[in-house]
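Open the model in your viewer and keep the selection tool ready. This tour goes stop by stop, saying what to select and what is there.

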Amino acid sequence: MSNGNRNEEGVSRRDFLGLAAFGAAILASLGALAGSLRFVKSNVYSEESKKFKIGKIENFPIGTTRSIDGKSVFIFSDDNGLFAISAVCTHLGCIVYPTEAGFQCPCHGSKYNQDGKVIGGPAPRPLEWFEISQEVDGTLFVDAGKAVPNGTKYIFA
Amino acid sequence: MNDMNDIKQTGLAKYIENLKSLKSSFANSFLRSGIPTSDKSRTAVVVNNFFLHLHGAKTHINTLRPSYTLGLGLISFFLLVIVFISGGFLMVYYSPSIGTAFNAVKDINFVVFGGKLMRNVHKWSGEAMIIFVLLHMARVVYTSSYKRGREFNWVIGIMLLVLTFVINLTGYMLPWDQLSYWALVIVSNIAAAPKELTDIFGITQYFDIGGATKEILLGGTEPGQDSLTRVYLLHIILLPLGICIALGVHFWRIRKDGGLSKPDTLVGKGSGVASISPPDKTGGIFPTHKTYGLMELARGRTPAVDNDVENTVTSWPHLFIAEVAVFILTLAGVIAYSYFIDAPLKEFANPAIPENPAKAPWYFLGLQELVSYSAFMGGQGLPGLAIAGLLLIPYLDREPEHFGIWFSNKQGKMVALESFVIGSIAVIGALVFVVNFGWFRNWWPNIHQLWIIAINPGNLLLGFVVAYSLYVIKRTGSTRMGAISLFTMFLVSYVILTYTGTVLRGPNWEFFWSSSQWPVH
Amino acid sequence: MQSRFYLSLLLISSLVLLTFVAIATYSALTPEWKQYQTEYKDFLIKNAKDEATRERAEKIDIGIQQIYLTSMKKADRCTSCHRGVENPLMANAEQPHRQHSGNYLENHPVAKFGCTICHRGQGQAMNLREAHGEEHTHWDFPIMPIKYIQSSCALCHDFEMLKHEGGGHVAKGEEFFRGKGCRGCHKLNGVGGDLGKALDGIGSRARAYFPMKHVVGDRTIYNWVKQHFDDPRQIVPESEMRAFLTGEESDLLTTYVLTFTSEQMPRNYMLIKNIVMPRTDGESLYKMYCIACHSDGKASIYDEILKRTIPAIMNPSFLKAIDDNYLKKILKEGRQGTQMTAWKVDAAGLTEQEIDRIIEYIAKDRPAAKTEPFDVAKFKADVKRGEELFNIRCALCHGKKGEGDLGLNLKNPVVQAADPAFLAVTVRDGRAGTPMPPFGKDGVGLIEQDIADIVSYVKTLSQKKL
């Protein structure tokens, strides 16, 4: 559109029109495009919530190890508090099983110690630890969508 | 050894040099030429670009006159583009299973970001296509643009019209709600309508073309999962592919036929063209004299071969500004409409409870008005005859005069007006008659169906339209006037019948002045 | 060189497009539920009793809440607005924030059950109107009024348990259903009469299945069923249904009837504590299948709706005249030309054994003394004389041509098909509990020959025109 620079009066006005028109068009198209791309990102998933309740603190006396049905999470309770460790191997997503030494992945042989630290195999990162929180009525729940620094243990009254 | 080293060094230096100029060389390879500043480079832009080279390098100013084309074909095309894009987005969430389709559409409406708008845009731009394709056809008819080698392109246009109808209809089935289900029931039975005829001749058991079509469409005897799978296949693959191919040919032929139609001598120069500046005759590759080049090697017409190069401008930027403007206009219109009006979604499909009235989508309600006499004539016979009639227009009217001029001349305008009035009276009269007095079946309940197939309001209307246009030909001595008359009456009938079927027909297909009078169920 | 027209068009269109993209984005970013969640969060922050609660409240993230029930492929998003449903702090809050009442959620955690299993409504929807399935939202299963909510309990629990553990309403409704003879006219699981519609799946039928024209208030199936119980002919003018319950009692029956859904709950949701076999003693069966028309069976009643006298089947004099075999034949084959259903196993679905028990119950008051038999064949009947006698003695009640008035219509197929000896005994001994007197008694004055003549005339009535 920068082509019409002939020595005529009103050219700049026309240029301004062109600039405004194309500017607005590009802006509007980008807006529509951005909305359309946001459309593709799901707001909800057809899967169960990552947050789930695990009951009251009384159910977890010190020394408890429990895996929650269908949730791929281990819950432990020791002197320093309650903590949740993911059962999903950080290598390629298989489910680890507990052993004497800690955890073992059946797929490619990754080994973790009891804190989820890698002690063998191809796993690049330690197992994730998840947040445990308390509802107002004291019920505990784990948010398997929210990782916390490894070693985070929770003490609940 | 030294030599080898030098070569290596120069090789590496070249490599590094190439690396440095990667940005500009990639941009050049992508764009081939920068923003054009001369007519030569403006031409190059068009010729070198896959998307742009569908256009001529130069465009006749008549093409750019808004009052000539009204942008109707272009709007239809852009609606298609919008339909394709929005449809692609909807496919992210939709799944064609009768167990999940309805929920998927609900989720698109409720929880997907902008989902409801996207669905509305898809629905309304699809249905708007029907209107704009019809209007585009009207423009082509009224400007005589189906002549001079363009006869077959008109045929392709009719194919596109039919495809537009069918792709809209198949889309209507996909949400698997009550509307989808009962429309599918009705449509599959219209597909089975030739049974009416084969039954009369007693050959149904040997040659059941209607039943076979229905079963192939449904993948069973009643709508179910297989029907949805088939309809989905049609909607997302076969019909879009058909449209793309037909549209490709449609556009290609326009180019081969020398761009859009235009009058032999541009009349009204200076009025309709006021917004277009006179062509730039300095410094272009086309000097003021006419040019014949490689185009001579192939037969056909191009704008350059035409006799008024003086009236062309470079497509870049004139044509492209116009196209971008029409695209944004179309998009803005569709989004604005979709923001206010929601696409319908009724209860989940329920084979036990028909909708009352079980209406087909609105664009078929003109036909539904006709099928209430004979499913075969209304659903297949009359639409078939109407399409055949439209197809024949360019072959039966071959008068070369008045090419590219709205309504040809003053007489054409009169004929169009007169056909509009008489067509309206005929259609409304027929409707008033049947609403008040019924038809054969109401008078003689035991009458043979053959009589109704042969004589029903639809047939009589069609007969009248044909007869009247023949009378116009005889009176004016011009086949062109007959074409104008025939098409006008076709359009008027379609509009009035559709309006009646959509607005004035209520439960049990009874007549109501407005839906607020419908009895409560 | 540019065309001002197209540039202006482009500018205006772009501005319109931009405006609508902005408006659409804004409305997509400010949905109804977001407002409720903000209210909820603010309320919690403001009313926090201690610092820890306040911190927890501040951490609440606002977003679509969804309970996905994998086994039913069901997504309930109700908690997007009702976020306080499990929060004791919201016990006294206004809806939509209030905590769920009672202790139901202890045994039915929201995460496992969601909301719509019990409450119905449209779990996917994200606005009040459509979530609650109000009229014209095109949703077949609107939210269930609380007074009928116990019908949902019966999806997973047995009535014996419900009776004692918080499902008293629906259990009582079930008792009504058993005791009011509903299945005399309505089939359920293939057993029951044919006069009314089968009831299977009625609780989960689409709205459009019901004629809603005369329903007062919301056009929901809940209101339809309830109002139809209260006054059937108000809702369906041509209905022949008898209604026995109104007010709160019909609410209970409505609650029960809504349990007839066609869905099957997944096994891991079911909790059946008691396997209670349906009671099949004669009395229970009589109440289940017969009582609606015959009531206690002691007196014959003229029924205005059925336009027919319903015989007093437990009347001793009726029983005296009719033996078990004849009763069984009537029960099994029904009475053609009347509303009496054929109850045999391949018709209304009662087994031989059940029919026997019903007969045993009906005939329990049969007088010990046998009826003196009447051997009609012994007499040579004179139809003409029978007619004369009929006109004098019978026509007053039964009409000149036997068309019936105070007495039965003698032309009906039941009478015409009856055994002449049965008719003769009826004329001779009368029918206690009805206006029919015993004509054979001394002093009333018909000798056996007269009775035989009358019976032979009565048998010819069907050919007579009115």
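**Stop 1: chain C as a whole.** Select chain C. Its radius of gyration is 33 Å, whereas a compact globule of 466 residues would have one near 23 Å. That radius is taken over C-alpha atoms, and the globule rule is 2.2 Å times the number of residues to the power 0.38. Along the principal axes, the C-alpha atoms of chain C fill a box of roughly 120 × 65 × 35 Å. Colour chain C by secondary structure: there are 22 helices and 4 strands. Helices (H or I, at least four residues) and strands (E, at least two) are DSSP runs, numbered from the N terminus.

Before moving on, note that this is a predicted model, in which local features need pLDDT of at least 70, side-chain atom pairs count only at pLDDT 80 or more, and totals for chains, interfaces and linings use all residues. Residues are numbered from 1 along each chain as its sequence is written, chains are lettered from A and ligands numbered from 1 in the order in which they are written, and side-chain values use heavy atoms, with hydrogens and water left out.

**Stop 2: the domains of chain C.** Colour four ranges: domain 1 (32-143), domain 2 (149-257), domain 3 (282-365) and domain 4 (376-463). The bounds come from an automatic or database domain assignment. Now keep domains 1 and 2 of chain C; their C-alpha centres lie 30 Å apart. In this pair, 13 residues of domain 1 are in contact with 14 residues of domain 2. Contact means heavy atoms within 4.5 Å.

The two domains bury about 1100 Å² between them, with 45% from carbon and sulfur atoms. Buried area is the accessible area (1.4 Å probe) that two parts lose on being put together, summed over both. Which residues of domain 1 of chain C lose the most area to domain 2 of chain C? Select C:R120, C:E135 and C:D140: together they make up 43% of what that side buries.

Stay on C:E135. Its side chain meets that of C:R219 in a salt bridge, 3.4 Å from N to O. A salt bridge is a side-chain nitrogen of Lys or Arg within 4 Å of a carboxyl oxygen of Asp or Glu. The rule finds 1 salt bridge across this domain interface. The side of domain 1 that touches domain 2 in chain C has 6 nonpolar, 3 polar and 4 charged residues. Here Ala, Val, Leu, Ile, Met, Phe, Trp, Tyr, Cys and Pro count as nonpolar, Asp, Glu, Lys and Arg as charged, and the others, Gly among them, as polar.

**Stop 3: two backbone details in chain C.** Go to C:H138, in the loop between α7 (128-131) and α8 (159-164) of chain C. C:H138 is not a glycine, yet its phi is positive, about 55 degrees. Next, select C:Q95 and C:P96. A cis peptide bond joins them, with omega about 5 degrees. C:P96 sits in the loop between β2 (74-76) and α4 (104-107) of chain C.

**Stop 4: chain B against chain C.** Show both chains. The contact takes 36 residues from chain B and 39 from chain C. About 3300 Å² is buried between them, 70% of it from carbon and sulfur atoms. Zoom in on C:R77 and B:D107: they form a salt bridge, with the closest N and O atoms 2.9 Å apart. On the chain B side, α6 (101-110), α7 (115-142) and α13 (315-340) each supply at least two residues. α13(B) gives the most, with 13 residues.

Walk along α13 of chain B to B:P317, which lies in this helix. The peptide bond from B:W316 to B:P317 is cis, with omega near 5 degrees.

**Stop 5: chain B against chain A.** The buried area is about 1500 Å², 69% of it on carbon and sulfur atoms. How many salt bridges are counted between chain B and chain A? The count is 0.
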